[in-house]
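Student: I would like to go through the aromatic rings of a structure. Please show it to me.

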Amino acid sequence: MGKVLMKGNEVIAEAAVHAGCKYFFGYPITPQSELVAYMARRLPEVGGLFLQAESEVAAINMVYGAAGTGVRVMTSSSSPGFSLKQEGISYLVGAELPALIVNVVRGGPGLGNIQPAQSDYFQVTKGGGHGDYHTPVLAPSTLQEIIDLTEAAFDIADQYRTPVILLGDGMLGQMMEPVEFKELSEREPVQKEWATTGTRGDGKPRIISSLELNADALEKKNELLQKKFAMIKQNEVRYETFEIEDADYIVTAYGTAARIAMNAINKARKDGLKIGMIRPITLWPFPEQPFIETRDRVKGYLSVEMSAGQMVEDVRLAVEGRAPVSFFGRTGGVVPTQEEIYDQIVKLAGGVEV
Amino acid sequence: MTMKTVFEKTSGLTENQTHYCPGCTHGIIHRMVGEVLEEMGILEDTVGVASVGCSVLSYEYFNCDMTQAAHGRAPAVATGIKRVLPDRFVFTYQGDGDLASIGIAEAVHAAARGENITVIFVNNAIYGMTGGQMAPTTLIGQKTATTPFGRNASIQGLPIRVSEMLSTLDGTAYIERVSTHDVPNIIKAKKAIRKAFETQKQGLGFSMVEVLSSCPTNWGLDPNESLDWIKDNMVPAYPLGVYKEVPKGADR
């Protein structure tokens, strides 16, 4: 197909279409509105449907209804809107329905601003809504990676019957890069025997529900959900490492922060510092393994985030106190610069020889 | 000697025993919906959406595919289903707390969009499942757990007349309010439910039947008194009748 120059939000939308998603229910919010607008234009072209809901709450519940019929369906939002979707996400998990939910994160708390941030990490990785649950979270750092991860997100959703979150930020949503899509092919829809489409001679009616009034039965259901989460933890961890083999210090960052940190690391390497990088691609399940493998031989880790320090908690859990873990972050929609991160690396390494 | 069957259980309902309180008219309303689905021959093409409240378990009772929705969100869930499966019949079964309070936005906007779904709106002027608190439809002066001195308009505001309100929207195709307090009204109610599903069949848009219903437990009345209370107190506040009817073949 060749490369095309596209905006991040539109790449997510087109990637979803390529992954066989034909149904989108959403509500406009900056900085992800281009995604909604793109779907409004694009989905009718592939025989799909775009519907602008009256609110984020309604949108996620429309997704719930559509997901129950067995189709690939998605919604997208940004932080304040994503908070409103938490009710529906908890129900999707409880009723075991697959769907893709995109969160293009902006500065908070509250209305915050419309600048890029990573301050929804806790919300997306620790459940977010009520009840004991996790949702898989995929965090691309380039627009090309968005294409692969959007498709992977739908596959994971279908395989495990779970909502999956694709986590971006305002920078990824708004930036433009050349990307290449594979040819759009007609995908065979995944057969979903549990879908409520009218019994049509199938016999016994099917029920989609997250309600279980009996405590013992609900505990059993929770145990099954936890088993599913354990399977996802075992099978779906994704991450990328860069020169961690000889590293004295390892920087860890995801998404936009990882891109900028990478430039700082390259500069530090040129200056003779042995710095590596661990880039989590799945934020839940969190990639503990590269930390376990390195924690007894490195001098320390630096978590770089566009937040006040959220992922750093998972890094500390993975490191288990065997090496110092430090943190650098900017908040409120401020994007850390390459120079700032470089300075932090140099400080951590005790300076560079000049 | 062979006997002729003159009356039997509708196939529109499952064999499950319902959990409703004695004297509650949910059972009658369930039965009417089940009979209509059976008589129209559309049980196998129907997906129902259960709400939250007393009817939360209705997915156990209707003999068709069912989805359980969050508090008030049934019209949004139904929208999602119907937009994917426009040739299936989709209905929601919601109480007054669910539809008129927490889910009023979803109900208004599904109606405004003219979603081709059917809403069965059961109005008993009180929250049943949660223990008899005030609903948006609680009458002025009515005592509930959260209006222990009677609903006072200056404090708790005035009741919402949902049928009247939704019938002002261009997207609604058929809206009727019926009651369950005696047999003639129950017969009318079933006709209205049938008409609502026929409206959906014709693709005319949003249809809703508001059914005045009893709550002996939370009203503190016996079943017969409850039926009288519907007739004497609810019907005057919520007049029965057709509020909206778009003619068949209307340009929608």
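Tutor: What follows is a set of questions and answers on the aromatic rings of this predicted model.

Student: How many aromatic pairs does the structure hold?

Tutor: Rings of Phe, Tyr and Trp pair if their centres lie within 6.5 Å. Over all chains, the number of aromatic pairs is 10.

Student: Which kind of aromatic pair do A:Phe229 and A:Trp284 form?

Tutor: The centres of A:Phe229 and A:Trp284 are 6.0 Å apart, with 90 degrees between the planes. Planes over 60 degrees apart count as edge-to-face. The pair of A:Phe229 and A:Trp284 is therefore edge-to-face.

Student: Why does this pair tie together parts that are apart in sequence?

Tutor: A:Phe229 belongs to helix H8 (residues 215-235) of chain A, and A:Trp284 to strand E13 (residues 282-284) of chain A. The pair therefore ties together parts whose separation in sequence is 55 residues.

Student: Are A:Phe229 and A:Trp284 buried or exposed?

Tutor: Buried means under 20% relative accessible area. Both A:Phe229 and A:Trp284 are buried.

Student: Which kind of aromatic pair do B:Trp219 and B:Trp229 form?

Tutor: Their centres are 4.5 Å apart, and the angle between the planes is 45 degrees. Planes under 30 degrees apart count as stacked and over 60 as edge-to-face, with the rest as tilted. The pair of B:Trp219 and B:Trp229 is therefore tilted.

Student: Which residue has A:Lys267 over its face?

Tutor: A:Lys267 is 4.4 Å from the centre of the ring in question. That ring belongs to A:Tyr342.

Key: Residues are numbered from 1 along each chain as its sequence is written. Chains are lettered from A and ligands numbered from 1 in the order in which they are written. This is a predicted model: local features need pLDDT of at least 70, side-chain atom pairs count only at pLDDT 80 or more; totals for chains, interfaces and linings use all residues. Side-chain values use heavy atoms; hydrogens and water are left out. Helices (H or I, at least four residues) and strands (E, at least two) are DSSP runs, numbered from the N terminus. Buried means under 20% relative accessible area, exposed over 50%, partly exposed in between (1.4 Å probe, protein chains only). A charge sits over a ring if NZ of Lys or CZ of Arg is within 6 Å of the ring centre and within 35 degrees of the ring normal.
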